2 protein chains.
Amino acid sequence: MASSKRQLLIDTALDLFRREGYHATGIDRVIAEAGVARMTLYNHFKSKDELILAALRHRDSGFRDGLVRRVEHLADTPGERLRAVYDALDIWFNSDDFHGCMFINAAAEYHDPENPIHIAAREHKERVRNYIRDLAAQAGAPDPEALGDSLNLLAEGSIVMAHAANDKNAAKTAKAAAEPLLRAAGL
Amino acid sequence: MASSKRQLLIDTALDLFRREGYHATGIDRVIAEAGVARMTLYNHFKSKDELILAALRHRDSGFRDGLVRRVEHLADTPGERLRAVYDALDIWFNSDDFHGCMFINAAAEYHDPENPIHIAAREHKERVRNYIRDLAAQAGAPDPEALGDSLNLLAEGSIVMAHAANDKNAAKTAKAAAEPLLRAAGL
DNA sequence: TTGACAATATAGACCGATCTATCTAAAAAC
DNA sequence: GTTTTTAGATAGATCGGTCTATATTGTCAA
């Protein structure tokens, strides 16, 4: 139970932060939703920011694991998998409660680049970009960094348009935009 | 003075919201920074949300006017101007205090698509996208909507990477990524 | 130019609600 | 029997918003 309460708090907080934002979600709300005593939270996390960081760390691995798993399920070759990234995004955007990227939102609420929360967001974005770069390398692109970065920009742009502009078609738009780039790279 | 106080409040709030975020900026901070009485604010705006909306409206026109002006100054033909959009972004990203896009940040803090603040963000994103679509049409692209949307995704993606991932080179990456798309469209 | 009236701005008290965080003492779990 | 969890009181700060009574404006007529 020692760590089950901790995980329960992370899961609960993650869901609230995702659906309502960070400042908008109070500690009271988290403990009420988790059905846990206030001191249990402060026993596991020394502050709200620490809880946010723990939630983001959990989301980072969870999101990327899910992305990789889904992409590998959708396609077999690296070239196809680069395209499948957008199919995975499409599923995400059109899921029941899509509320944008938690890390973009975190960076939006915590502007200071030195803030640990902002740093967590930056690291997540770098890891996702690296994953796409890796796929581009595996696919044998002549300049995998450049191709990966380009495809990553389309992916990030589609997240923004899906959330801020409420364009649930953004992933399909991105996939179409990616095609000439992949072709130009011989893929 | 009637409207000068109002404009002073909008300018002050805009700057604070931009630098620190919406929830993180209290009314007290706005009136202190503006050097204005509390009731002066509530005389001009019936709530904080109304002030946010007024600030976003002002920023929407200001940002887009600045973008158009800068793009037109940097390039003469529509094809060149599509490329110049990324040069304008590059200047923005590397300016003294870049804190990301106020509208992406607004959507991040106000998730509900029905929320007027979120709607203001959506409308801004649509207007910027339409501007790029228009440039693509003026440039004689075979499918100006598709090209415009693709180039817009690269632009939005670069804003995210510049802010969340602290990649000040994102606009140059986006410009390089745009080139094959423009070429494929005969531009 | 002056006087008068209406609109606006002022400082600051005040409200209830909420915020993060701490503390304690009893209960439960391992 | 030691660690963890519990409920709830409590702290001090801050939140958005209202109210009042005074002072400062801007406008227009005499």
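Residues are numbered from 1 along each chain as its sequence is written, while chains are lettered from A and ligands numbered from 1 in the order in which they are written. Because the model is predicted, local features need pLDDT of at least 70 and side-chain atom pairs count only at pLDDT 80 or more, whereas totals for chains, interfaces and linings use all residues; side-chain values use heavy atoms, with hydrogens and water left out.

User: How many helices and how many strands does chain A have?
Analyst: Elements are taken as DSSP runs numbered from the N terminus, with helices being H or I over at least four residues and strands being E over at least two. From the N terminus on, the elements of chain A run α-α-α-α-α-α-α-α-α, and the C-alpha trace spans about 60 × 35 × 30 Å along its principal axes. The count for chain A is 9 helices and 0 strands.

User: What percentage of the residues of chain A count as buried?
Analyst: A residue is buried under 20% relative accessible area, exposed over 50% and partly exposed in between, for a 1.4 Å probe and protein chains only. Chain A has 187 residues, and the share of them that counts as buried is 53%.

User: Among contacts in chain A between residues at least 6 apart in sequence, what percentage join residues at least 24 apart?
Analyst: A contact requires heavy atoms within 4.5 Å. For chain A, with pairs at least 6 apart in sequence as the reference set, the part joining residues at least 24 apart is 64%.

User: Is α8(A) roughly parallel or antiparallel to α9(A)?
Analyst: Axes are lines fitted to C-alpha atoms, for helices over the stretch in contact, and angles run from 0 to 180 degrees between N-to-C directions; under 35 degrees counts as roughly parallel, over 145 as roughly antiparallel, 65 to 115 as roughly perpendicular and the rest as oblique. Helix α8 (residues 144–163) and helix α9 (residues 170–184) of chain A pack with their axes 9 Å apart, at an angle of about 165°. Therefore α8(A) and α9(A) are roughly antiparallel.

User: Is the crossing of α8(A) and α9(A) left-handed or right-handed?
Analyst: The residues that meet here include A:Leu147, A:Leu151 and A:Leu154 in α8(A) and A:Ala174, A:Leu181 and A:Leu182 in α9(A). In this contact 12 residues are nonpolar, 2 are polar and none is charged, where Ala, Val, Leu, Ile, Met, Phe, Trp, Tyr, Cys and Pro count as nonpolar, Asp, Glu, Lys and Arg as charged, and the others, Gly among them, as polar. A crossing is left-handed if the near helix is turned anticlockwise from the far one by less than a right angle, and right-handed if clockwise; that of α8(A) and α9(A) is right-handed.

User: At what angle do α8(A) and α8(B) pack?
Analyst: Residues including A:Leu153, A:Glu156 and A:Gly157 in α8(A) meet residues including B:Leu153, B:Glu156 and B:Gly157 in α8(B), and the contact divides into 8 nonpolar, 8 polar and 2 charged residues. The axes of α8(A) and α8(B) lie 7 Å apart, and the two helices are roughly perpendicular. Their packing angle is about 90°.

User: Which residues of chain A does B:Arg129 touch?
Analyst: B:Arg129 lies in helix α7 (residues 116–138) of chain B and counts as buried because its relative accessibility is 14%. Leaving aside residues up to four places away in sequence, B:Arg129 touches B:Asp149 and B:Asn152 and, in chain A, A:Met161 and A:Asp167.

User: How many disulfides are there over all chains?
Analyst: A disulfide is a pair of cysteine sulfur atoms within 2.5 Å. The sulfur of B:Cys101 is 15 Å from the closest cysteine sulfur, in A:Cys101, and therefore too far for a bond. A:Cys101 is buried at 5% relative accessible area, and B:Cys101 likewise counts as buried at 5%. Over all chains, the number of disulfides is 0.

User: What is the phi of A:Asn166?
Analyst: Most residues other than glycine have a negative phi. A:Asn166 lies in the loop between α8 and α9 of chain A and counts as partly exposed because its relative accessibility is 34%. Although A:Asn166 is not a glycine, its phi is positive, at about 60°.
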